[in-house]
Amino acid sequence: MHPTLLVLFHTLAITASHSHSNLRSTHRCVHNTLPVPTPNEQTRSTQPYPTTTTTTKSMIDGEDPTSPIKSQQQRRRLATKSNMRIHVQFSSALTASSATLDTNIKTWTQQAITYWESALKVVPVEPHLSFDLTCTLSFPFTGTTVTQCAAYALSETCSGETIPTAWLKAGRHCSTCYQSGPDSCTGCTDVAAGTGLASKDYAILVTSVDTATCQSSTETLGYASPCKYDQYNRPILGSINYCPNAMASATAAVALSTAKHELAHALGFTASMIPYFRDPTTSTLVPRTTIGSDGLAQSATKVCADGQTRTLPAPVSTTLNGPTTVRGFVNSYILTTPNIKKAAIEHFNCPSLTGIELENQPTGDSSSCWGAHWEQRILHTELMTPVVGENSVVSEFTLGFFEDTGWYESDYAKAERLYWGNKMGCSFINDKCNTGTKSNPTMQGQSKGYFCNEEHGSPYTATMTGCTHNGLSKGYCNLQTWSSNIAPNAFSYFTNAKNGGANSNLDYCPMYSGFSNGGCMDTTQQLADGSNAYGDLYGSTSKCVRSTTVQTTYVTPTIANSVCAAIVCNSAGTSATVTLKDKSGTSQSITCATNDKGVGKTMTNFNSDGQIICPDLSVYCDNGHNTFVSWYDNQTIVTTPESSNNKNDGSAPSNNSPAPSIDDGLGKEDLPAHGSGTRRTWALADFFGLMFCLVVLVL
Ligand SMILES: [Zn+2]
């Protein structure tokens with residue numbers, strides 16, 4: 001009897017790509033295709049890890065090895081993790097146009113790598129990281145899952161970038177096999193292994209090519225995704241492409257944030273990785289969502305954030321809850337893993353929160369169903385929202401995301417303080433930014449620099465300008481009139497359906513956005529003493545405060561201005577000295593205590609009927625230290641009662657109304673116009689230059 005010659009079958013994964021219907025044509029961060037490799041048999045490479053058993057680890061910890069494991073903390077310690085070691089490879093000619101930009105991109109990327117290496121720990125790969133060859137054609141054998149490769153990919157790539165052969169494992173391909181098994185194969189050729197990447201846990205390939213994706217939106221700074229995974233589905237290889245033109249015009253702060261943002265995507269902060277999260281409290285890293293024999297997470301048919309229905313690998317609801325209705329938007333998705341829920345409750349001081357919403361507008365790959373970013377309306381200045389700004393921070397939310405993947409342990413001492421929404425209570429999340437009616441808006445947190453309803457222009461009104469929520473800058477209300485009605489209706493807050501905030505990712509909520517020349521630490525804005533009508537004092541300790549204080553030669557304004565003042569806090573953060581410059585250039589100060597928030601105080605040598613409004617010292621005197629404790633280390637959730645003077649009623653403090661303007665006939669000068677005019681120029685044309693889209697390729 002002749003052995004049966006086996007029929008070859010293709011093993012290369014087919015990656016679907018769908019065309020995408022955008023929610024709104026005005027969205028600036030969308031691109032359409034570019035499939036992302038998900039964890040499966042073709043993209044997974046087993047890595048060597050030290051064997052750690054319960055017994056040996058318990059002995060290391062000095063515990064009785066026979067005692068049962070009692071706490072989450074003990075279980076978590078079973079796998080000893082070390083700081084990540086990331087290998088980077090830049091393409092030979094990054095931009096092929098600018099040596100300076102090449103150098104800068106390398107510097108920003110290295111700084112981003114240094115940050116993530118310090119903030120994240122993993123179980124170390126030893127002795128070296130390496131990647132399987134991709135088998136494109138193989139022989140199956142009856143009664144076994146064993147196969148024999150017939151052909152490997154002509155070149156190994158990661159999102160189009162060639163993977164160096166030195167990083168690849170050994171392989172063997174054969175031309176003929178019979179049903180009896182691999183031993184029957186003939187015409188076989190061995191492929192030698194490369195040296196691998198010694199003592200590395202992750203590798204990143206970096207390019208800067210002006211691709212069609214970059215050209216599709218001039219505001220796209222870059223994109224990134226993982227492409228190879230270990231046996232636990234932890235990303236071990238990824239790629240970043242920086243859009244050269246956008247990066248060349250970005251400020252250094254935005255460029256560095258971009259590098260950190262893109263590397264985070266490549267490390268697994270992606271929509272498609274959420275179904276593959278593991279539970280770090282289990283010694284074998286049990287998947288949070290069941291993974292089938294095909295290596296894929298269980299599929300479900302979902303109504304997605306864009307309203308389309310898709311069937312795709314989907315996480316269980318204890319990881320990602322959705323679609324669900326939040327603030328009238330019916331297709332929200334909420335990440336509900338332990339650290340995210342804990343961080344949400346503590347940050348917003350809202351015990352009923354179950355997690356944090358992912359971006360509900362398309363900012364990723366076409367076949368995505370939920371966002372690859374935090375919802376910008378909720379965590380506006382966090383690094384992993386879709387639009388980055390000058391003051392983006394890596395908070396406990398992004399570090400919590402990484403820890404809740406099960407692959408990483410996060411060092412929260414490396415987290416920065418996020419002020420957006422800080423202690424704003426449940427209404428900040430659950431209610432729309434306008435809690436009033438469309439014809440009579442009441443904007444949430446208006447007195448604290450959050451949401452507003454008056455487009456900047458002339459004549460000026462009390463709510464047209466303000467201080468940004470973090471106090472760093474004088475700001476303007478970014479309400480604008482769009483070319484078409486804002487949709488869906490859940491994002492329409494005003495009688496004129498075309499009115500909404502300039503950043504669509506904030507669900508069109510208008511907010512106080514910093515003037516391009518309004519940063520209070522920018523000493524180049526300091527006016528000469530003779531023309532410093534409002535007494536601005538720019539400097540490293542300066543922040544924006546509301547004020548009707550002006551030099552004595554001017555008439556007291558009828559509306560409060562925003563002014564930059566030096567703020568020096570006591571060590572306890574309970575008292576601050578607020579200093580302006582009088583008309584002779586001499587410093588004049590008042591003192592604000594915690595309980596003075598919203599109280600007006602008069603300053604010597606300025607107009608006697610003007611007032612400085614004392615700021616919120618919980619923001620203005622915060623030491624910037626992040627005290628978040630991982631849920632896995634301490635499951636106690638810390639919230640503080642909302643004090644009476646911390647209500648989020650959206651109204652201005654009562655003392656914010658200045659005394660009436662009185663012209664006493666003594667020949668006082670007219671004040672320079674606030675927000676425009678020759679004496680004080682706002683760079684209004686730069687408004688949109690403050691925002692850059694970070695577009696990610698991933699699902
Ligand atoms: Zn992104």
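1. Four-stranded sheet. An open sheet is formed by 4 strands in the order E3-E15-E17-E16, with mixed pairing. Its edge strands are E3 (86-90) and E16 (222-229), each of which pairs on one side only. From one strand to the next, the twist averages 20°. Helices (H or I, at least four residues) and strands (E, at least two) are DSSP runs numbered from the N terminus, and two strands pair if DSSP finds at least two bridges between them.

2. Basis of the model. The model is predicted: local features need pLDDT of at least 70, side-chain atom pairs count only at pLDDT 80 or more, and totals for chains, interfaces and linings use all residues. Residue numbers start from 1 along each chain as its sequence is written.

3. A parallel pair within the sheet. Strands E15 (residues 202-207) and E17 (residues 235-242) run parallel and are joined by 5 bridges. Val 206 has Ile 240 in E17 as its bridge partner.

4. Helices on the four-stranded sheet. Helix H3 (residues 99-119) lies across E3, E15 and E17 and runs at about 165° to E3. Helix H6 (residues 252-266) lies across E15, E16 and E17, at about 30° to E16. Axes here are lines fitted to C-alpha atoms, for helices over the stretch in contact, and angles run from 0 to 180 degrees between N-to-C directions.

5. Packing of H3 with H6. The axes of H3 and H6 come within 8 Å and cross at roughly 55°. H3 is therefore oblique to H6; angles under 35 degrees count as roughly parallel, over 145 as roughly antiparallel, 65 to 115 as roughly perpendicular, and the rest as oblique. H3 passes H6 in a right-handed crossing, that is, the near helix is turned clockwise from the far one by less than a right angle. On the H3 side the contact is made by Asn 104, Trp 108, Thr 109, Gln 111, Ala 112, Ile 113, Tyr 115 and Trp 116, and on the H6 side by Ala 255, Leu 256, Ala 259, Lys 260 and Leu 263. By class, this contact of H3 with H6 has 9 nonpolar, 3 polar and 1 charged residues. Ala, Val, Leu, Ile, Met, Phe, Trp, Tyr, Cys and Pro count as nonpolar, Asp, Glu, Lys and Arg as charged, and the others, Gly among them, as polar. Residues are in contact if their C-beta atoms, placed from the backbone, lie within 7 Å.

6. Three-stranded sheet. An open sheet of 3 strands has the order E20-E21-E22 and antiparallel pairing. Strands E20 (320-326) and E22 (356-357) are at the edges with a single partner strand each, so one side of each has no neighbour in the sheet. E20 and E21 (residues 329-335) run antiparallel and are joined by 4 bridges; Thr 324 stands opposite Ser 332 in E21. The hairpin of E20 and E21 has 2 residues between the strands, and in this hairpin Arg 327 takes a positive phi near 50°.

7. Packing of H7 with H8. Helix H7 (residues 338-348) and helix H8 (residues 396-404) pack at an angle of about 160°, their axes 7 Å apart. The two helices are therefore roughly antiparallel to each other. Their crossing is right-handed. Pro 338, Asn 339, Ile 340 and Ala 343 of H7 meet Glu 396, Phe 397, Gly 400, Phe 401, Glu 403 and Asp 404 of H8. This contact of H7 with H8 comprises 5 nonpolar, 2 polar and 3 charged residues.

8. H8 is mostly covered, with 9 of its 9 residues buried; a residue is buried if 20 or more other C-beta atoms lie within 10 Å of its own, exposed if 12 or fewer, and partly exposed in between. The cover includes H3, E4 (120-122), H6, H7, E22 and E24 (409-410). After H8 comes Gly 406, with a positive phi near 90°.

9. Pro 39. This residue is in the loop between strand E1 (9-10) and helix H1 (54-60). Pro 39 counts as buried because it has 25 C-beta neighbours inside 10 Å. Pro 39 and Tyr 229 are 190 residues apart in sequence but 6.2 Å apart in space, C-alpha to C-alpha. Leaving aside neighbours within four places in sequence, the contacts of Pro 39 are Arg 44, Tyr 229, Asn 233, Tyr 276 and Gly 295.

Notes: Two residues are in contact if their C-beta atoms, placed from the backbone, lie within 7 Å.
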